[in-house]
Amino acid sequence: MSLQITECPSPNHEERRAPIDMLLLHYTGMETGEAARERLCDASAKVSAHYLVEEDGRVLRLVPEERRAWHAGVASWRGQSDINSCSIGIEIVNGGHDFGYPDFPVAQVAAVEMLCLDILVRHKITPARVLGHSDVAPERKADPGEKFPWARLAKAGVGHWVAPQDIVDGPVLQRGDRGDTVAELQFQLADYGYGIEVLGVFDAKTEAVVKAFQRHFRPAQVDGIADVSTVATLRLLRDALAG
């Protein structure tokens, strides 16, 4: 399979304000690919991405990579808030959680993988800077979600990944908990990159960030509860990044 890209220009872009060092993946979250394409190319919608990957694997280029597309919205990662300026955005046609959240077709995943590899090589983006929309906007977004095959992409060289630790009985941290163990969890999430303060209180934002982490790195159970598996997987990810 060779990567073939069709031009489908969107008017929604502007000058970048930072160098490219991130790749951000989304699902479209609309009923059809056609509806998503129309919206991403609608000047009045004021949203766009650099690429749109259809269910059959067709890749459309909507915005030139050197331009700032409008796909991340209010977001942050490692203290940086202008994610649109530093990232390339790929929208993947999928109805998402609001429209049945179907599996990602094999042809589509293969195309996403090839497109990502091409972008990563050209821009020298590090694995830990390949993220989902939910990672940078955990309180607003759930995409590309727990069905997205992050493990497969990582095996091909796209993204940072460790095998999730098994879900077992044990102590958990959840909404309403307080103390040093909560503060340590928040510190580790923030140290990895998530936009969260170390307050020692497991609040609604902490729950949202834990869910985002689970969607990406421990997708077998997404509940916002920091169980043994979630905490251990986070620790392994941080160790792998440091090593």
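Helix H1 gives the most to the lining of the largest pocket, with three residues. The model is predicted. The largest pocket holds about 490 Å³ of space. A second largest pocket has a volume of about 150 Å³.

**The largest pocket**

- The lining of the largest pocket has 25 residues, and the closest to the pocket centre are Tyr 27, Thr 28, Arg 39, Glu 91 and Lys 141.
- Strand E3, residues 22-27, and helix H1, residues 33-40, each supply at least two residues of this lining.
- By residue type, the lining of the largest pocket divides into eight nonpolar, ten polar and seven charged.

**The second largest pocket**

- Pro 171, Val 172 and Leu 173 are among the residues that line the second largest pocket.
- Thr 181, Glu 184, Leu 185 and Gln 188 also belong to that lining.
- So do Ala 226, Asp 227, Val 228, Val 231 and Arg 235, according to the definition of a lining residue.
- Helix H6 (180-192) and helix H8 (228-242) each supply at least two residues here.
- H6 gives the most to the lining of the second largest pocket, with four residues.
- This lining splits into seven nonpolar, two polar and three charged residues.

- E3 is mostly covered, with six of its six residues buried.
- Met 22, Leu 24 and His 26 point one way from E3, while Leu 23, Leu 25 and Tyr 27 point the other way.
- Residues on both faces of E3 are buried.
- E3 runs parallel to strand E7 (residues 87-92), and six bridges join them.
- His 26 has Glu 91 as its bridge partner in E7.
- E3 also runs parallel to strand E8 (residues 130-132), joined to it by three bridges.
- Leu 24 has Leu 131 as its bridge partner in E8.

**Thr 28, at the largest pocket**

- Thr 28 sits in the loop between E3 and H1.
- Thr 28 is among the residues closest to the centre of the largest pocket.
- The relative accessible area of Thr 28 is 14%, so Thr 28 is buried, the cut-off being under 20%.
- Beyond its neighbours within four places in sequence, Thr 28 is in contact with Ala 36, Leu 52, Glu 91, Ile 92, Val 93 and Asn 94.
- A polar atom of the Thr 28 side chain lies 3.1 Å from the backbone nitrogen of Asn 94.
- Glu 91 is a contact of Thr 28, and Glu 91 is also the bridge partner of His 26.

**Arg 175, between H5 and H6**

- Arg 175 is found in the loop between helix H5 (150-156) and H6.
- Its relative accessible area is 48%, so Arg 175 is partly exposed.
- Arg 175 touches Phe 202, Asp 203, Ala 204 and Glu 207, leaving out residues up to four places away in sequence.
- With Glu 207, Arg 175 makes a polar contact between side chains, at 3.1 Å.
- Arg 175 and Gly 224 are 49 residues apart in sequence, and their C-alpha atoms are 8.4 Å apart in space.

- The peptide bond from Asp 143 to Pro 144 is cis, and its omega is near 0 degrees.
- Pro 144 lies in the loop between helix H4 (133-136) and H5.
- Tyr 101 is not a glycine, yet it has a positive phi of about 40 degrees.
- Tyr 101 is in the loop between E7 and helix H3 (106-123).
- Tyr 101 counts as buried because its relative accessibility is 5%, against a cut-off of under 20%.
- Lys 124 is a residue other than glycine with a positive phi, near 55 degrees.
- Lys 124 has its place in the loop between H3 and E8.
- Lys 124 counts as exposed because its relative accessibility is 70%, against a cut-off of over 50%.

Methods
Residues are numbered from 1 along each chain as its sequence is written. This is a predicted model: local features need pLDDT of at least 70, side-chain atom pairs count only at pLDDT 80 or more; totals for chains, interfaces and linings use all residues. Side-chain values use heavy atoms; hydrogens and water are left out. On a 1 Å grid over the protein atoms alone, a cavity is a set of points where a 1.4 Å probe fits but cannot get out, and a pocket is an open set with protein on both sides within 12 Å along at least five of seven lines; lining residues have an atom within 4 Å of a point. Grid points are joined across faces, edges and corners, and a volume is the space filled by probe spheres set on the points. Ala, Val, Leu, Ile, Met, Phe, Trp, Tyr, Cys and Pro count as nonpolar, Asp, Glu, Lys and Arg as charged, and the others, Gly among them, as polar. Buried means under 20% relative accessible area, exposed over 50%, partly exposed in between (1.4 Å probe, protein chains only). A polar contact is a pair of N or O atoms within 3.5 Å; within protein, one must be able to donate a hydrogen and the other to accept it, and residues adjacent in sequence count only if both atoms are side-chain atoms. Contact means heavy atoms within 4.5 Å. Two strands pair if DSSP finds at least two bridges between them.
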